[in-house]
Amino acid sequence: MKIIKADVFVCSPGRNFVTLKITTDEGVYGVGDATLNGRELAVASYLKDHLCPQLIGRDPHQIEDIFQYFYKGAYWRRGPVTMSAISAIDMALWDIKGKLANMPLYQLLGGASRTGVMVYCHTTGASIEEALDDYAKHKEMGFKAIRVQCGIPGMKTTYGQSKGKNLAYEPATRGNYPEEQCWATEKYLDFMPKLFDAVRNKFGFNEHLLHDMHHRLTPIEAARFGKNIEDYRLFWMEDPTPAENQECFRLIRQHTVTPIAVGEVFNSIWDCKQLIQEQLIDYIRTTITHAGGITHMRRIADFAALYQVRTGSHGPSDLSPICHAAALHFDMWVPNFGVQEFMGYSEQMLEVFSPNWTFNDGYMHPSDKPGLGIDFDEKLAEKYPYKPAYLPIARLEDGTLWNW
Ligand SMILES: O=C(O)[C@@H](O)[C@@H](O)[C@H](O)[C@H](O)CO
């Protein structure tokens, strides 16, 4: 069996997605997600101009060898653009393998380790009251794990806040320049515990409560924050500080038992090796689309299992439904599963991708169709051409560029 075609599509049914479709000489095809929010065209070019031509004529069964061929073969290893491109190839090849074996992906990986995948949703609001209403709505929908964010008095914008009533959280803005937001750490540190207090007072401790700090604090500020909120027993505080320097997390760990989740911007095991080995985190949040596909994610998860670090994969709607479909199969199998993020998709997006997963009472189940169990409508996608859009940047009140 040989690969005869590898096509890349960039479409924008509400937001930009990069999709790869690999076709074999026997007519079986697989799909993969290569979306890198704000840098979509770079990944599309990496695939189209460099990797796709080298896929032609290769045996699609050789997933591991193809991963190594592109990872080692470029000489220039790692990085989000390279790894997103490799991830999409890997996903599409697993899709093909599942279709050939007539098995859903999770069966190929080793079968189900659980009856369903616990997912966490996003709740947000301009004020605590609005966030509480949104929380109630999501609790009603059955979610067992809920992320809470909300506007901070005295700050025009903050991370994780929806832009209007009933609008889902959407960070990227259309146009050629990123939106500029403002950040004030002290205001955040003083205010945010009040949100957790209000949530726990109103809803109790039944749901897992999560919060994303989006890389905004220094290690000692994150340590103070984690310590202050211990009574609210968060499931995790996410991305408390930037993680390029993994040692920084030692300081946070010395001060607090609030669990820590990190990894959405990582693209290989090397980005989290020390964090895992020193047990500086509790959840690793790498994704199938950015961290080398199923092949490399499996390596990260197995390594993390040695240190009792569990998975909590990034799953925003700026990764395509193909990524979410693949993630659900992975989560169904992975022994050290923690939770899966699920932000949801608009109807327009679901028309283009048509997934077959199910959601019931806080748990999702992957499709039982062969492979990933998701398709991509190329014709419909043509109706939604790429539109430039960028993630915001953040500045401190004095104008200093900060971490968004
Ligand atoms: O935890 C999360 O889901 C966020 O951190 C993301 O929504 C992140 O901001 C976006 O994926 C960036 O594209």
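Guide: Searching the whole structure turns up 22 salt bridges, each being a side-chain nitrogen of Lys or Arg within 4 Å of a carboxyl oxygen of Asp or Glu. The model is a predicted one, in which local features need pLDDT of at least 70 and side-chain atom pairs count only at pLDDT 80 or more, while totals for chains, interfaces and linings use all residues. Residues are numbered from 1 along each chain as its sequence is written, and side-chain values use heavy atoms, with hydrogens and water left out.

Start with E378 and K21, whose side chains form a salt bridge at 2.6 Å, N to O. This pair joins distant parts of the chain, with E378 in helix α13 (residues 378-382) and K21 in strand β2 (residues 17-24), 357 residues apart. Helices (H or I, at least four residues) and strands (E, at least two) are DSSP runs numbered from the N terminus. E378 counts as partly exposed because its relative accessibility is 29%, whereas K21 counts as buried because its relative accessible area is 14%. Buried means under 20% relative accessible area and exposed over 50%, with partly exposed in between (1.4 Å probe, protein chains only).

A second bridge joins D361 and K144, at 3.2 Å from N to O. Here too distant parts of the chain are linked: D361 is in the loop between β14 (358-360) and β15 (363-365), and K144 is in the loop between α5 (128-140) and β5 (145-148), 217 residues apart. D361 has a relative accessible area of 45%, so it is partly exposed. K144 is likewise partly exposed, at 29%.

E238 and R285 are both buried. They also belong to a network of salt bridges that links E238, E264, R285 and E341.

A pocket is an open set of points on a 1 Å grid over the protein atoms alone, where a 1.4 Å probe fits, with protein on both sides within 12 Å along at least five of seven lines; lining residues have an atom within 4 Å of a point. The largest pocket is lined by 44 residues, and H215, E264, V265, L391 and W404 are the closest to its centre. Elements that give two or more residues to this lining are α3 (80-101), β17 (393-396) and β18 (401-402). Domain 1 (3-104) and domain 2 (108-368) each supply at least three lining residues; the domain bounds come from an automatic or database domain assignment.

Aromatic side chains form contacts too. The count of aromatic pairs is 21. In one of them, the rings of F67 and Y71 have centres 5.7 Å apart and planes at 10°, so they are stacked. Rings of Phe, Tyr and Trp (its six-membered ring) pair if their centres lie within 6.5 Å, and planes under 30 degrees apart count as stacked, over 60 as edge-to-face and the rest as tilted. F67 and Y71 sit 4 residues apart in helix α2 (residues 63-73), about one turn of the helix. F67 is buried, with a relative accessible area of 4%, and Y71 is buried at 8%. The rings of F342 and W357, with centres 6.2 Å apart and planes at 80°, are edge-to-face. F342 is in the loop between β13 (340-341) and α12 (347-353), and W357 is in the loop between α12 and β14, 15 residues apart. Both F342 and W357 are buried. Elsewhere, ring pairs connect W183, Y188, F196, F225 and Y232 into a cluster.

Two backbone details remain. H214, not a glycine, has a positive phi of about 50°. H214 is in the loop between β8 (208-212) and α7 (219-228), and counts as buried at 5% relative accessibility. Q308, also not a glycine, has a positive phi near 60°. Q308 is placed in the loop between α10 and β12 (310-311), and is exposed, with a relative accessible area of 69%.
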